[in-house]
Amino acid sequence: MTDDDLITLVREQRSNVHMDTPVEQIVGRGRALRARRRLPGVAAGALAVAAAATLAVTALQPTGHHAGPQPPIHLTAWTVTRQADGTITVTVRQLRDPQGLQSTLRADGVPASVTFFGHEPRACQRYPKMSAILMAEVFGGHGPPLVIHSKALPHDAGIQLSPLHHAHGAPIALAAGLVRATPGCTGT
Amino acid sequence: MGANRPDFAEFYRRSKDECLFTVLVSVGDRDTAQDLVAEAFARAWARWRTVSRHPAPAAWVVRTALNAHVSRWRRRRREVPLADPGAIADRPTAGETFDSPVDPRIMVALTRLPERQRQVVALRLFLDLDTARTAAALGIAPGTVQAHLGRAIAALRADLMPEQKEIPS
């Protein structure tokens, strides 16, 4: 196979993908965006109200994860370590073996969904009571490593780890978020 | 149609599928990609006077869509840099297939390309920009575009046809 054949093979994939949004819908949304740009005060005010509402419904309901030292699990791709204070540190070096990482976190009492490729599980839903405060409580500082304060995790929430892709680029970071804890998403 | 912007409607008709494909390859999920591209086209319509003069309006749409994707994640996620910035990803497992109509082998191979190579592949192969416009869009020399494209093709060949790494074209 020549380079041209290879390029053709890759380009052929385009024919499988079709955008079916009508142009009228695009234009309608464009009109709304343009109108909003002309009223910056309205948009900013709406965002402020939304943020305040989000904070108002925040609730912290710590759970009783088991504390105690646990030997670190060393793997090439990632390392999970439980500290004496109950926090869990996750260092990801390579996006390999997401199932293993997910199982390790769950075994440590953290409802977790880990995805390194493709879409997130359909069963996963954003945690409705998520807020910046709760995120800071659960995830602490800006790693690496990722620090999970499992005691700050609400009883009905789990964590979701996914790769964050740069524009056009390969994965540059790991994104940690909160999702509803459900058997289909986080195992519990 | 298009609020007296028939050229926008033609631009949309001509480039929507290529833009969707390019974004889909980056984000992996068709529904997400379609939402992002629709929003980016809407922004292009709202700023059409500016965007229509861009050297590559389709590239503007793709970049806007992918930037929105990053912003969306950052609003609701805690971002932690990978310990090894050069970290590569493994092939997806059976439970981690891409939700897309694109051949998963090709999706994975494209995902594994370094950032700059993927940029060049996206502009040159998916959006059909020539070398000069790709170079202008990325702010690099035309020769650098050619070099990145050559390396990307070699990497794709190694991934997709490991038994045929060195076949002269």
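Start in chain B. Now look along the two helices. The axes of H7(B) and H8(B) are 8 Å apart, and the packing angle is about 100 degrees. Angles of 65 to 115 degrees count as roughly perpendicular, and H7(B) and H8(B) are therefore roughly perpendicular to each other.

Keep in mind that this is a predicted model. Its scores are ipTM 0.73 and pTM 0.57.

Next, select B:Asp128, which sits in the loop between H6 and H7 of chain B. Most residues other than glycine have a negative phi.

Chain B has 8 helices and 1 strand. Read from the N terminus, its elements run α-α-α-α-β-α-α-α-α. Of its 169 residues, 46% are buried. Among the contacts in chain B with a separation of 6 or more, 59% are between residues 24 or more positions apart.

Colour chain B by pLDDT. The mean for chain B is 79, and 73% of its residues reach 70 or more. Which element of chain B has the lowest mean pLDDT? Strand E1 (residues 78–81) does, with 66, while helix H3 (residues 48–51) has the highest, 93. Then select residues 91–98 of chain B, where the pLDDT is below 50. Beyond near neighbours in sequence, this stretch has 19 contacts in the model.

The next stop is the largest nonpolar core, which has 53 residues. Select B:Val23, B:Val37, B:Phe41 and B:Val61, the members that touch the most others in this core. Helix H2 (23–38) of chain A supplies at least two residues of the core, as do several helices of chain B, including H1 (6–27), H2 (30–46) and H4 (57–76).

Zoom in on B:Val23. Apart from neighbours within four places in sequence, B:Val23 is in contact with B:Ala33, B:Leu36, B:Val37, B:Val62, B:Ala65 and B:Leu66.

Move to B:Phe41, in helix H2 of chain B. A residue counts as buried if 20 or more other C-beta atoms lie within 10 Å of its own. B:Phe41 is buried because it has 31 of them within 10 Å. Not counting residues up to four places away in sequence, B:Phe41 touches B:Tyr12, B:Lys16 and B:Val61, and also A:Ile26 from chain A.

Finish in chain A. Chain A has 5 helices and 7 strands, and from the N terminus its elements run α-α-α-β-β-β-α-β-α-β-β-β. Buried residues make up 36% of the 188 residues in chain A. Among contacts in chain A between residues at least 6 apart in sequence, 57% join residues at least 24 apart.

Terms used. Residues numbered from 1 in each chain as written. Chains lettered and ligands numbered in written order. Predicted model: local features only at pLDDT ≥ 70, side-chain atom pairs only at ≥ 80, totals over all residues. Core = buried A, V, L, I, M, F, W, Y, C linked by C-beta atoms within 7 Å. Buried ≥ 20, exposed ≤ 12 C-beta atoms within 10 Å, placed from the backbone. Helix = DSSP H or I, 4+ residues; strand = E, 2+ residues; numbered from the N terminus. Contact = placed C-beta atoms within 7 Å. pLDDT = per-residue confidence, 0-100. Axes fitted to C-alpha atoms, helices over the stretch in contact; angles between N-to-C directions. Parallel < 35°, antiparallel > 145°, perpendicular 65-115°, else oblique.
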